[in-house]
Amino acid sequence: LDTLEKWVTEIFSEIPNNGLPKPSFGHLTQPFDTPEFHKLYRVVPIRKVHSLSITWALPPQEQYYRVKPLHYISWLVGHEGKGSVLSFLRKKFWALALYGGNGETGFEQNSTYSIFSISVTLTDEGYKHFYEVAHIVFQYVKMLQKRGPDKRQVIWEEIQKIEANEFHYQEQTDPVDYVESLCENMQLFQKEDFLTGDQLLFEYKPEV
């Protein structure tokens, strides 16, 4: 560590700090509010697969990294047990898999907007009924909206424990990738959260 610290100091200490704040593009609101985006697009795939993707452009969520509201919603949407949207679609033989969430990349989450997507892998029969599948997905999201966040925190705490276990028992990654990830985190999180901000859930705030 002493040697590494010496190298870092030697190599980077001469880089001047210009004192400028981090750039923000928050003034560029609603980038997807155009006629081109409120539409259904049908694309012919190269391989034989049927997939329905529904995407929402939301206000920026990156400042809520300690709460991770989109992670909470994606957990509920992607649930596969009894009463889930995927369970319902499978009973109808319309879907094989379902994924919901935000990739947390710069394109999907930044100071202008956050994207939330739900993607359903359809069967041949499901493809024939993709309008109904979309309707069911919207009904499920509407139900979540009406019920609101889990008031007993049970679901949130369950997610928190699982993410904490995955963090503590994760496999060692390539050092170069790890450093790159930390450098990105330094642009996004408070100093004390550089190591954990992209993975752990810290605060339960149902209003968020």
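**Close-up views of a predicted protein chain**

**Figure 1. A patch of negative charge on the surface.** Asp-174, Asp-177, Glu-180 and Glu-184 gather in a surface patch of negative charge. Patches are made of residues with over 30% relative accessible area and no salt bridge, with like charges joined within 9 Å and nonpolar side chains (Val, Leu, Ile, Met, Phe, Trp, Tyr) within 5 Å. Lys and Arg count as positive and Asp and Glu as negative, while His and the chain ends are not counted. The place of a charge is taken as NZ of Lys, CZ of Arg, CG of Asp or CD of Glu. Accessible areas come from the Shrake-Rupley method with a 1.4 Å probe, and for residues only the protein chains shown count as cover. Asp-177 is found in helix 7. Helices (H or I, at least four residues) and strands (E, at least two) are DSSP runs, numbered from the N terminus. Asp-177 counts as partly exposed because its relative accessibility is 46%; buried means under 20% relative accessible area, exposed over 50%, and partly exposed in between (1.4 Å probe, protein chains only).

The model is predicted: local features need pLDDT of at least 70, side-chain atom pairs count only at pLDDT 80 or more, and totals for chains, interfaces and linings use all residues. Residues are numbered from 1 along each chain as its sequence is written, and side-chain values use heavy atoms, with hydrogens and water left out.

**Figure 2. A nonpolar patch that includes Leu-4.** Leu-1, Leu-4, Trp-7, Val-8, Ile-11, Phe-12 and Ile-15 make a nonpolar surface patch of about 810 Å². Leu-4 lies in helix 1 (residues 2–12). With 47% relative accessibility, Leu-4 counts as partly exposed.

Figure 3. The side chains of Lys-6 and Glu-10 meet in a salt bridge (3.4 Å, N to O). A salt bridge is a side-chain nitrogen of Lys or Arg within 4 Å of a carboxyl oxygen of Asp or Glu. Both residues of the pair Lys-6 and Glu-10 lie in helix 1, four residues apart, about one turn of the helix. Lys-6 is exposed, with a relative accessible area of 51%, and Glu-10 is exposed, with a relative accessible area of 51%.

**Figure 4. The salt bridge of Arg-66 and Asp-193.** The side chains of Arg-66 and Asp-193 meet in a salt bridge at 2.7 Å, N to O. Arg-66 lies in the loop between strand 1 (50–58) and helix 2 (69–77) and Asp-193 in the segment after helix 7, so the pair ties together parts that are 127 residues apart in sequence. Arg-66 is partly exposed at 25% relative accessible area, whereas Asp-193 is buried at 3%. Arg-66, Asp-193, Glu-203 and Lys-205 are linked in a network of salt bridges.

Figure 5. Gln-170 is found in the loop between helix 6 (154–168) and helix 7 (175–188), and its side chain reaches the backbone oxygen of Phe-167 at 3.0 Å. Gln-170 counts as partly exposed, at 40% relative accessibility. Thr-112 lies in the loop between strand 2 (95–101) and strand 3 (114–122). The side chain of Thr-112 reaches the backbone oxygen of Phe-25 at 3.0 Å. Thr-112 counts as buried, at 14% relative accessibility.

Technical notes. Polar contact = N/O pair within 3.5 Å; in protein donor to acceptor, adjacent residues only side chain to side chain.
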